[in-house]
Amino acid sequence: MNVFDIIGPVMIGPSSSHTAGAARIGKTAALLLDSPAVKADILFHGSFAKTYKGHGTDKAVVGGILGMDPWDSGIRTSLETARETGLSVTIHTGTIDNAHPNTVLITLTDKTGHAISVQGASVGGGNIEITKINGMEVCFTGQHTTLIVTHQDVPGTIADVTGLVAAHQTNICNFRLNRQEKGGTAIMTIEMDSDFDKGLLSKIQALPAVHSAILMKLS
């Protein structure tokens, strides 16, 4: 635990869970889309669904999608900024099975029609957990540099990716693999606590079984 876990993050208020954490989930979704979004479909669950207007959770999520950090004063006017920049925003409330009370499901689409769905929870103090990508279970916090690799579930792929990471002297602090079915689509999430050579990302993207590889770290 550090001091920011106790006193809370630097942010635009009023709530670390409902604004700071929400902004980080929105920014994570935007980073995972890896291109500017033109459409955002946002579903609030639980406490988020009940209080998002009063706590500015809608503004925080949209601000994050636009690339804003939790302390960015532009969050206050993010809905207006979205309209001005051509980002279409739709907000719903509903229930997500077995989800944390502060959960949002964000679906982003870019101008080519490429879309990504990201489910995340704001777990307190501005901290987040990303729990699903495109309906597949994952688990990462954004506190570390994170490599997200979508790939075909074939023998040797994990060894190929982690072997490249090890060869570049990059230290893995957390690894998780989820797959739809044997031989189907799988997602690796690799959290690292040392620098990542971006040249390594190109090598991973070039592996035959890899569909996509994205490197991200929240501010």
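## Exercises on a predicted model

Phe44 is buried, and Phe48 is buried too. The model used in these exercises is predicted.

**Exercise 1. How are the rings of Phe44 and Phe48 arranged, and how those of Phe44 and Tyr52?**

Solution. 
- Step 1. Apply the distance rule: ring centres must lie within 6.5 Å to pair. The count comes to 2 aromatic pairs.
- Step 2. Take Phe44 and Phe48. Their ring centres are 5.9 Å apart and their planes stand at 85°, so this pair is edge-to-face. The cut-off for that class is over 60 degrees.
- Step 3. Take Phe44 and Tyr52. Here the centres are 4.9 Å apart and the planes are at 25°, so the pair is stacked. Stacked requires planes under 30 degrees apart.
- Step 4. Phe44, Phe48 and Tyr52 make up one aromatic cluster.

**Exercise 2. Why do Phe44 and Tyr52 count as buried?**

Solution. 
- Step 1. Recall the cut-off: buried means under 20% relative accessible area.
- Step 2. Phe44 has a relative accessible area of 0%, so Phe44 is buried.
- Step 3. Tyr52 has 12% relative accessibility, so Tyr52 counts as buried.

**Exercise 3. Which side chain of opposite charge is nearest to Asp110, and which side chain makes a polar contact with Asp110?**

Solution. 
- Step 1. Locate the residue. Asp110 sits in strand 3, residues 102-110.
- Step 2. The nearest side chain of opposite charge is Lys111, 8.6 Å away. A salt bridge needs the atoms within 4 Å. Asp110 is buried yet has no salt bridge.
- Step 3. Look for a polar partner instead. The side chains of Asp110 and Ser35 are joined by a polar contact of 2.7 Å.
- Step 4. List the surroundings. Leaving out residues up to four places away in sequence, Asp110 touches Leu33, Ser35, Pro36, Ala37 and Val38.

**Exercise 4. Where around the axis of helix 6 do its buried residues lie, and what do they pack against?**

Solution. 
- Step 1. Pick out the buried residues. In helix 6 (residues 157-167) they include Thr157, Val161 and Val165.
- Step 2. Turn to the face away from the buried side of helix 6. That face carries the exposed residues Ala159 and Ala167.
- Step 3. Find the packing partners. The buried residues of helix 6 pack against strand 7 (145-152), strand 8 (172-179), strand 9 (185-192) and helix 7 (198-205).
- Step 4. Go past the helix. Gln169 follows helix 6 and has a positive phi, near 60°.

Notes
Residues numbered from 1 in each chain as written. Predicted model: local features only at pLDDT ≥ 70, side-chain atom pairs only at ≥ 80, totals over all residues. Heavy atoms only, no water. Phe/Tyr/Trp six-rings, centres within 6.5 Å; stacked < 30°, edge-to-face > 60°. Buried < 20%, exposed > 50% of the residue type's maximum accessible area, 1.4 Å probe, protein only. Helix = DSSP H or I, 4+ residues; strand = E, 2+ residues; numbered from the N terminus. Lys, Arg positive; Asp, Glu negative; His and termini not counted. Polar contact = N/O pair within 3.5 Å; in protein donor to acceptor, adjacent residues only side chain to side chain. Contact = heavy atoms within 4.5 Å.
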